[in-house]
Structure formats: structure tokens, C-alpha cells
Amino acid sequence: MSKLVSDGGLTRSAAASAIFISVSFASSGAFADCATSGSGPVTLTCSGTFATTSTTNTNPNPDTVDRTQTFSDSINGSVASGAVITGAGLSPTSTLSGSAVSLTNNGSVSSGVNVAVTVQGSGGSTFNLSYSGSGSVTGMAGAGALQLLGAGSGTTSATISGTSVISTQASGGVFNAFGIQTDLTSGTVNVTVLNGGVVRGGNAIEFDGTGSNTLANSGIVGTNIPGTSAINGVSASLVNNNSLTVINHGTGVISGSNTGIITGTGGSVAITNDLGGSITGTNTTLAMGAKAASVGIAAGSVSGSNAGTISGSTHGIDTTGSLPGGNPGTSVNLTTNSGTIQGTATVASGFQVGSGIIAKTSVTVGTNSGTISGGLDGITAVNSFVMVNNNTGTISGLSGSGIAANTAATVTNASTGQITGLTAGIRGVDVTAINSGTISATGGGISSTGVLSVTNNSGATISGATGITANGTSATITNMVMKRHDHRNWRHRYWYQPRRHFEHHQQQRRDDLRDWRGYFCRLRRHVYAVQCGYPKRNFVRHRRLRQCERHSQFRHDHRRHRH
């Protein structure tokens with residue numbers, strides 16, 4: 001049989017084999033790499049298992065393994081479920097101001113060369129950047145995990161799903177780079193971690209832009225690996241003095257070895273910590289130059305509410321700049337606390353003791369129905385006043401004062417409220433206290449070196465070696481007790497009055513029975529008279545009739561006399 005030869009000199013079978021191999025390689029390349037196509041937006045899709053290189057692609061390309069995918073257009077990127085990208089990581093980047101760059105990651109991206117994933121706007125003033133998906137991102141060998149960079153005045157958002165882990169690697173028991181970083185933006189930044197989601201890093205979430213920064217957390221931010229810790233759970237730039245709004249839901253955990261949350265001296269934290277939520281600083285060793293080992297929240301100022309737990313080994317909330325490199329801030333203003341705010345270290349532990357709340361200037365607590373406690377003081381205002389509008393819970397200082405104010409302490413302590421300390425329950429220059437509960441200390445209940453005004457309501461207690469110490473210019477003390485007529489009123493209200501009502505109802509029942517008896521007597525008299533043929537004028541002569549009449553008249557006279 002003669003061989004079939006193609007025009008190029010190959011047999012037809014050999015040509016077919018070559019075509020098959022070519023198609024196989026093309027298919028393999030299309031499956032295990034990224035592809036870019038279209039415009040307005042450019043579509044970027046990645047699938048399969050492959051390693052990217054530290055190079056840049058700027059054109060539509062069906063087969064690209066470049067880390068940086070740069071276009072003067074909006075970009076809609078995705079990593080398919082099951083895809084594994086290693087090497088240099090992935091960075092979709094737009095250079096068109098006003099465009100949007102999004103990445104949905106349902107696979108796995110890791111890198112030890114660069115930040116594993118960067119979603120970026122470059123060369124313009126406004127970009128809208130977003131990250132989402134059910135996949136994971138890992139930064140290795142000192143590289144960060146996820147970065148959203150350069151939104152300018154636009155928006156930045158990241159949603160971490162309940163199945164995602166965004167993490168950097170650890171060295172020596174400490175994560176060595178950020179988990180999530182947002183930077184080069186003056187616009188609105190929103191990061192959401194859903195229940196089950198995990199973000200780990202030296203700063204697990206790092207807000208470095210100058211805009212409005214918000215974290216809504218239902219997952220784990222910081223660490224959940226025993227023996228390994230983040231430095232800070234959430235941080236705002238200490239240089240730019242960024243401010244944070246943190247909403248930590250009931251399943252949310254935010255932790256770090258130094259702090260749960262930290263900002264610079266001029267930065268503020270607006271906190272909403274729901275029931276079950278936890279914000280903690282875990283370190284117990286005092287670093288060189290530090291005045292605190294760890295703090296739950298360290299910021300220039302703190303406001304909001306707490307229903308969960310905020311704690312550090314030294315302070316729960318601190319605006320004095322007690323950590324290394326920190327500078328003094330200002331105030332703490334909480335509308336409500338129904339949870340626990342505490343500095344956990346005690347004198348017996350040998351660690352640095354502190355306060356549940358310590359502020360450089362003033363502390364205001366609207367309503368405390370929970371616990372505020374510290375190894376030293378419960379609440380401390382270093383340079384200004386403390387105001388507690390309504391305490392129904394516990395405020396305690398284990399080795400100092402329950403409340404310590406540099407100037408004025410104004411406190412309303414309800415019947416269930418307890419304010420306790422070792423040296424004093426309440427200490428300040430000018431002290432105004434309305435007490436319906438318990439204020440006590442081993443040293444003295446209340447101590448004032450200025451103007452003192454105390455109202456101790458009936459049933460309340462102020463106690464100590466000295467109940468009240470007034471070493472200032474004036475003192476007004478009103479101690480309310482229950483007077484004698486109060487006891488009489490009590491007996492009248494709770495004994496005589498109900499008894500009188502009972503007797504009245506019993507008499508009413510007797511009157512009703514008499515009414516029925518009188519009715520039947522009259523009816524019987526009429527029937528008897530008719531049957532016996534008595535004329536009407538002779539009714540009174542019959543003995544039975546006279547008995548009925550006498551009974552009826554007695555009932556009428558008796559009721560008229562009573563009323």
C-alpha cells in the first residue's frame with residue numbers, strides 16, 4: 001500500500017498527530033493560566049494550577065501568566081473555584097481614572113515574592129476597588145496577603161467570606177506582614193469579615209489611607225493559631241492619625257499581642273462591640289520604654305458602646321499613649337456598657353497593673369450595667385474629670401480606686417450599683433455623688449480634696465476605714481433614712497387598706513343575700529294572702545306576714561344607716 005503524503009511532505013496521520021498535540025498544548029495553556037479579553041470592562045479569568053511571573057501584561061491575551069494585568073480600563077477579574085496560583089501572585093491594575101477594578105477569588109492565591117494579591121488603581125485620582133469571593137490568600141516569607149491600593153478619592157471594599165482565610169506566614173511566633181492593607185486613599189474604605197472568615201497578620205487589618213475607615217467583623221481578626229499572635233488586630237496609620245469605626249458583632253474576635261485595636265494620637269475609634277464580641281490585647285510582658293504590656297483599645301479618643309468584652313493585661317481602653325511610641329490622646333466617651341471592660345493583670349500576678357478605662361483627659365460613661373475593672377483603678381482620668389451618669393453594675397479597682405479623677409468626679413450610683421476599691425471607692429478633687437447602692441473601700445468610701453456633695457439615699461451604704469473623707473473647701477452630706485411615719489404608711493398601705501377592702505366586699509355579699517330573702521318574703525306574702533282570701537288591710541294581722549315585714553324593714557334601715 002502506498003503512503004499518503006501531505007503537501008508539506010508529512011503523512012496525513014503524522015499531520016493529524018501534530019494538530020492534536022498543538023490543540024492539547026493550547027487547551028492545557030488555556031486551562032492553567034489567566035486570560036484577558038474585551039473592554040469596558042476588561043475581563044480577567046484565571047483557572048487551573050500555575051505559577052505567575054513578576055511581569056506585566058497590557059493587552060488582551062488568551063494565555064497569560066503575568067502577575068500584573070494592567071489596562072487603561074475597568075477590570076472585572078475572577079479566580080475560579082479550585083484554581084491554585086503561586087509564584088508572584090496576582091495584581092489587576094487600572095490606569096484609567098474613574099474606573100473600577102474588582103477581583104472575585106474563589107480559589108487560592110499565594111506568593112513569597114510580592115504581596116499575594118493587589119487590587120490597584122494607578123496614575124489617576126479616583127478608582128473604585130473591591131475584593132470578594134470564597135477563596136483564600138496567603139503571603140509567605142515576609143510578604144503581605146491582600147492589598148487594595150490607590151483608590152484616591154474613590155471607594156475601597158473587601159468582603160471576606162465565611163470560608164476564606166487571608167493570612168501571612170509567621171516567624172518566631174509572630175506574623176511578619178499584614179493580612180489586609182488599604183492605602184493611598186482618601187475615600188471611603190469598608191472591610192467586612194463574615195462569620196467563619198479569618199484574617200491573620202502582624203497587623204491583621206491595616207488601614208493606612210486618610211479617608212473614612214470602617215470594619216464590620218463577625219469572624220476572627222488577629223490570630224486563631226495557638227502560640228502565634230498578631231501584633232495588633234486592627235490598626236490605623238499612626239503617622240496619618242487615621243480614625244476607625246469598628247462594629248464587632250457577637251461572633252467577632254479581634255486580638256493582638258499589643259492591642260486589639262490601635263490608632264495614632266490624633267486618631268479616634270468609634271466602637272460598637274456587641275454581646276459575645278471580644279477585643280483583646282494578650283501580651284503580659286512589659287516592653288522596653290512601655291507603660292503598658294497590652295491594651296484592648298489604644299487610641300487618641302474612644303467613643304461608642306460595649307456589650308461584649310474589651311480587655312488588655314494592663315488597660316481595657318487607653319488614650320494616654322502608654323504603649324511603645326505612643327503619645328497622649330484625649331477622652332473616652334461611652335454611651336453604654338453592659339459588658340466587661342477590664343485590665344486583667346493583678347498585683348498578685350506580678351505584671352503591670354492598670355485600669356479598665358484610662359483617659360488622658362476625661363471619661364464619660366452614660367449607663368454602666370456591666371463591669372469596669374482594673375488591677376489598679378476601675379476608671380482613671382489623668383488630667384480631667386470622670387462622669388458616670390447611671391451605674392447599675394460594678395466599677396472596681398483592685399489595688400487603687402474604683403473611680404479616680406484628677407479634677408471632678410460626678411457619679412450617680414443606683415440601688416444595684418457597686419463602686420469598690422482598696423484606697424477609695426471614689427476619689428477626686430471635687431466629688432458629687434448620689435448613692436442608692438454601695439460605695440466601699442478598705443481606705444475610704446469617698447475622698448475629696450475640694451468641694452464635696454454627697455447624697456446617700458435610704459438603704460444605701462458608704463463604707464471604709466473612713467466612710468467619707470473631706471479635705472477640701474466645703475462639704476455637704478445628706479444621709480436619707482426612713483422616718484417613723486413611713487412605717488405607719490407602710491402598714492396602712494399593705495395591711496389596713498387591703499383588709500378594709502376585703503371586709504367591704506364581704507358586707508356587700510351579705511347585703512345581696514338579704515335582698516334575695518326580702519324578695520322571696522314579699523312574693524310569699526302576696527301568694528299567701530291571695531290563697532287565704534285576706535283583704536289587703538288585714539295583711540299585717542297575720543304572724544308570718546308581720547315577720548316578713550319586720551325583716552324587710554330591718555334590712556332597709558340597716559343599709560340606710562351604713563351608707
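Modeller: Let's start with a pocket. The lining of the largest pocket divides into eight nonpolar, 16 polar and three charged residues. Keep in mind that this is a predicted model.

Colleague: How many residues line the largest pocket, and which lie nearest its centre?
Modeller: The lining has 27 residues. Nearest the centre of the largest pocket are L238, I262, T263, P324 and G326.

Colleague: What volume does the largest pocket have?
Modeller: About 420 Å³.

Colleague: Which strand gives the largest share of that lining?
Modeller: β25, with three residues. That strand covers 232–236. β22, at 203–207, also supplies at least two residues of the lining.

Colleague: What about the second largest pocket, how is its lining divided?
Modeller: Five residues are nonpolar, ten are polar and two are charged. The second largest pocket has a volume of about 220 Å³. Its lining counts 17 residues. K291, H315, T320, S322 and I358 lie nearest the centre.

Colleague: OK, zooming out. How many helices and strands does the chain have?
Modeller: Three helices and 53 strands.

Colleague: And how much of the chain is buried?
Modeller: Buried residues make up 46% of the 563 residues.

Colleague: What share of the contacts comes from residues 24 or more positions apart?
Modeller: 58%, counting contacts in the chain with a separation of 6 or more.

Colleague: Let's look at some strands. Which way does β33 run against β30?
Modeller: The two run parallel, joined by four bridges. β30 is residues 278–281 and β33 is residues 309–312. G281 has G312 in β33 as its bridge partner.

Colleague: Which other strand do four bridges join to β33?
Modeller: β36, residues 340–343. That pair also runs parallel. Here I310 is bridged to I341 in β36.

Colleague: Now β8. Are its residues buried or exposed?
Modeller: All are buried. The strand spans residues 91–94. S91 and T93 point one way, while P92 and S94 point the other way.

Colleague: What does β8 pair with?
Modeller: Take β5, residues 66–71: four bridges join this strand to β8, and the two run parallel. F71 stands opposite S94 in β8. Then there is β11, residues 117–121, which pairs with β8 in the parallel sense over two bridges. T93 has Q120 in β11 as its bridge partner.

Colleague: Switching to disulfides. How many does the structure hold?
Modeller: One. The disulfide joins C34 to C46, with 2.0 Å from S to S.

Colleague: Why does that pair tie together parts that are twelve residues apart in sequence?
Modeller: Because C34 lies in β1, residues 33–37, and C46 lies in β2, residues 42–47.

Colleague: What is the handedness of the link?
Modeller: Right-handed. The angle about the S-S bond is 105°.

Colleague: Does C34 count as buried or exposed?
Modeller: Buried. C34 has a relative accessibility of 1%, and the cut-off for buried is under 20%.

Colleague: And C46, buried or exposed?
Modeller: C46 is buried too, with a relative accessible area of 3%.

Colleague: Great, that gets me started.

How values were computed. Residues are numbered from 1 along each chain as its sequence is written. This is a predicted model: local features need pLDDT of at least 70, side-chain atom pairs count only at pLDDT 80 or more; totals for chains, interfaces and linings use all residues. Side-chain values use heavy atoms; hydrogens and water are left out. Buried means under 20% relative accessible area, exposed over 50%, partly exposed in between (1.4 Å probe, protein chains only). Two strands pair if DSSP finds at least two bridges between them. A disulfide is a pair of cysteine sulfur atoms within 2.5 Å. On a 1 Å grid over the protein atoms alone, a cavity is a set of points where a 1.4 Å probe fits but cannot get out, and a pocket is an open set with protein on both sides within 12 Å along at least five of seven lines; lining residues have an atom within 4 Å of a point. Grid points are joined across faces, edges and corners, and a volume is the space filled by probe spheres set on the points. Ala, Val, Leu, Ile, Met, Phe, Trp, Tyr, Cys and Pro count as nonpolar, Asp, Glu, Lys and Arg as charged, and the others, Gly among them, as polar. Contact means heavy atoms within 4.5 Å.
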